[in-house]
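User: Hi! Could you pick one stretch of this chain, take a close look at its backbone, and then follow it into the packing around it?

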Amino acid sequence: MGCNTSKPAPSPSHDRSALASDTPFSEGEIEYLHKLFQKLSDSVIKDGLIHKEELGLAIFNNVNQRNLFLDRIFDLFDANKNGGIGFEEFVGTLSVFHPNTPKAVKIAHAFKLYDLRHTGFIEREEVREMVLALLCESDLVLPDDVVEMIVEKSFSEADAKGDGKIDEEEWKAYAEQNPSLLKHMTLPYLMDMTVALPSFVESGVNRL
């Protein structure tokens, strides 16, 4: 018997119909995503998986942008925790960020992103970390007391039950009232990949 060798990512021809039925993407768009997947999965480590730096290129269009959001997104969608994202995981990742994905889905996944310690609740310190990440990404530098004021106001408004933690029900109500919290959950270019993706694949990967 020969030794086992790593296999390339499966062709979408076998499961593009299933992926299209489970996501906002058409079968044609899934073919485009497979082209992007192949480019990205070979850009740093040629193992048929997308690693964190490669995912940063796909989501933020910048391989060097490392932040809390990228860390959480990668952790959330690396379902089998093998350090790399397969093709179906990749499509699932991007489908959450599609403009046509229902708000309820985005809210649920945003809760998981904010639940940094995987406790099933969002605690005050986690709110603080996310506020700091948002400020850093926006290149805003605020005094510590102003940051704490923002954190306290945000947390107290979201913690409707006043028990020192935000559960999924409280988070849903808070996100409905503050849609800016979902800003990072939508990538407009996914709306028309047949136009955006070909140039994005070539120019993006060539920057590596």
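Analyst: Happy to! H118 is exposed, with a relative accessible area of 54%; exposed means over 50%, buried under 20%, and partly exposed in between, with a 1.4 Å probe and protein chains only. This is a predicted model, in which local features need pLDDT of at least 70 and side-chain atom pairs count only at pLDDT 80 or more, while totals for chains, interfaces and linings use all residues. Residues are numbered from 1 along each chain as its sequence is written, and side-chain values use heavy atoms, leaving out hydrogens and water.

H118 sits in the loop between helix 6 (103–114) and helix 7 (124–137); helices are DSSP runs of H or I with at least four residues, numbered from the N terminus. Its phi is positive, about 60 degrees, although H118 is not a glycine. Most residues other than glycine have a negative phi. K81, another non-glycine residue, has a positive phi near 55 degrees, and K81 lies in the loop between helix 4 (68–77) and helix 5 (87–96).

Helix 7 leads us on to helix 8: the buried residues of helix 8 pack against helix 7 and helix 9 (168–177), with contact meaning heavy atoms within 4.5 Å. Those buried residues are V147, V151, S154, F155 and A158. They line one face of helix 8, because seen down its axis they fall within an arc of 95 degrees, taken from the directions from the helix axis to the C-beta atoms. The face turned away from this buried side carries the exposed D145, M149 and K153.

Note on methods:
Helix = DSSP H or I, 4+ residues; strand = E, 2+ residues; numbered from the N terminus.
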